[in-house]
Structures are given as C-alpha cells and as structure tokens.
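Here are my notes on the helix packing and one of the pockets. Have the model open while you read, as the points go pair by pair.

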Amino acid sequence: MLLIAGLGNPGQKYQNTWHNLGRLAVINWQKESGFPEFRLERKFNSLISKGVFDKKEILLALPETFMNKSGQALGKIISFYKIKAVNLIVVHDDADLKKGEIRVSRNRGTAGHKGLNSIVGVLKTRSFVRIRIGVRPKNYVPGSKSLDRFVLKKFTKDEEKIAAEVIKKTNEAIEMILEEGSEKAMAKFN
C-alpha cells in the first residue's frame, strides 16, 4: 500500500491559500482519479480516501491536524497500515521554490518546513518522496516575516490560475511516481 498525504491546514479559513497547496493537489487528484470522497477517520485525525491506481492500493490522507502536527496524524496511519516510509509521498508547499514551480525529491532535509519537521520527527527518517510546490512570491526577501502573511492569504484571481496550473503539474508528477517511479519523476520535473 502507498500513502499520499496532502499537507495543509483544515478549515474554510485556509482552504484556498498557498500554504494548503499540498492538500488542494491531493483533493484534485482524488477527484480526477475517481477515488471515493474523503471521509473523516477520527483514529487518524485525518480525512481518508482509499482506491486503486495502476494496480496499486493507494491511501490518500489529509491530516486534520494543523500543518505543524502533520506527523502525529501520518504516524498513526503508517503504524496502523504498516506502511514503509519509502511508500509515503508527501505533497506540500515550499517557500524555497518560486510560485508555480514543482520539484520531486526523496531523502532530503526539511529546510525548516514545520510540517516536514513533524513528519520526520515521528517517522525518524527522511526516506519518503516529496512533491514540493513552490509558493515564494517574486518580491520575497529571505528572512522577512512577509512570507507567513503571504502563504496564509486567499488566492487572488490571477493566483487562482497559477494554483490551478501547478496543481495540474503536481497531479502529473503523482501519476508518474505511481506508474514509473520517483527517479523518472525527478528527471522530468526537476
């Protein structure tokens, strides 16, 4: 079984924000792939959808914890289903990449991303696959507090188009990872 987790914050307040791109991409992939609607699984504190893609059993998860505690939810799922960390794909926003870019990586540092810090802290490994979705605005100055405010703002009309395009690209990366492996996806999307 493979686990694909979309990171973000639960609730209407955060729904269409840059910080929730991982969550939005996995929701979009669930719909496009014909997976069942997400259902709340309280024991995992996550929204879950199960299905089959390319003859592989896939579990989709949207932690209902806030981003900083994503590891708590995913740790419970991984433990319950006995999923190996190498069979985990985490889709998340990344301020090190320009808005609209994506990268596929495995076994990398967290670069201070609090959701990833939480996951690595619980799993005690970084050997999972990550799809990193760029959210850094053009005029961002490293070290400034403006990024926190930006990633939690709702999309503007123009940003909705960028978000839709990057979600489509992210879904292509998910499918390539599932069909051909993460190495091929890295070669194409990096």
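Before the first pair, a word on the angles: axes are lines fitted to C-alpha atoms, for helices over the stretch in contact, and angles run from 0 to 180 degrees between N-to-C directions. Keep in mind that this is a predicted model.

1. Start with α2 (residues 70–81) and α3 (residues 114–123). Their axes are 7 Å apart, and the two helices pack at an angle of about 40 degrees. The crossing of α2 past α3 is right-handed.

2. Who touches whom here? On the α2 side you'll find Ser70, Gly71, Gln72, Leu74, Gly75 and Ile78, and they meet Gly115, Ser118, Ile119, Val122 and Leu123 of α3. Sorted by class, this α2–α3 contact has six polar and five nonpolar residues, with no charged ones.

3. Next, α1 and α5. These axes cross at roughly 65 degrees and come within 9 Å, which makes α1 roughly perpendicular to α5. The crossing is right-handed.

4. For that pair, α1 brings Leu21, Leu24, Ala25, Asn28 and Trp29 to the contact, while α5 brings Ala163, Val166, Ile167, Thr170, Asn171, Ile174, Glu175 and Leu178. Nine residues of the α1–α5 contact are nonpolar, three are polar and one is charged.

5. Helix α5 (residues 157–180) also packs on α6 (residues 182–189): their axes come within 7 Å and cross at roughly 145 degrees. From α5, the contact takes in Lys169, Glu172, Ala173, Met176, Ile177 and Glu180; from α6, it takes in Ser182, Lys184, Ala185, Lys188 and Phe189. The α5–α6 contact splits into five nonpolar, five charged and one polar.

6. Now the second largest pocket, which holds about 160 Å³ of space. Which residues line the second largest pocket? They are Asn9, Pro10, Gly11, Gln12, Gln15, Asn20, Arg23, Leu24, Ile27, Leu47 and Glu64. Helix α1 (residues 21–32) gives the largest share of this lining, three residues. By class, the lining has five polar, four nonpolar and two charged residues.

Terms used: Residues are numbered from 1 along each chain as its sequence is written. This is a predicted model: local features need pLDDT of at least 70, side-chain atom pairs count only at pLDDT 80 or more; totals for chains, interfaces and linings use all residues. Side-chain values use heavy atoms; hydrogens and water are left out. Helices (H or I, at least four residues) and strands (E, at least two) are DSSP runs, numbered from the N terminus. A crossing is left-handed if the near helix is turned anticlockwise from the far one by less than a right angle, and right-handed if clockwise. Contact means heavy atoms within 4.5 Å. Ala, Val, Leu, Ile, Met, Phe, Trp, Tyr, Cys and Pro count as nonpolar, Asp, Glu, Lys and Arg as charged, and the others, Gly among them, as polar. On a 1 Å grid over the protein atoms alone, a cavity is a set of points where a 1.4 Å probe fits but cannot get out, and a pocket is an open set with protein on both sides within 12 Å along at least five of seven lines; lining residues have an atom within 4 Å of a point. Grid points are joined across faces, edges and corners, and a volume is the space filled by probe spheres set on the points. Angles under 35 degrees count as roughly parallel, over 145 as roughly antiparallel, 65 to 115 as roughly perpendicular and the rest as oblique.
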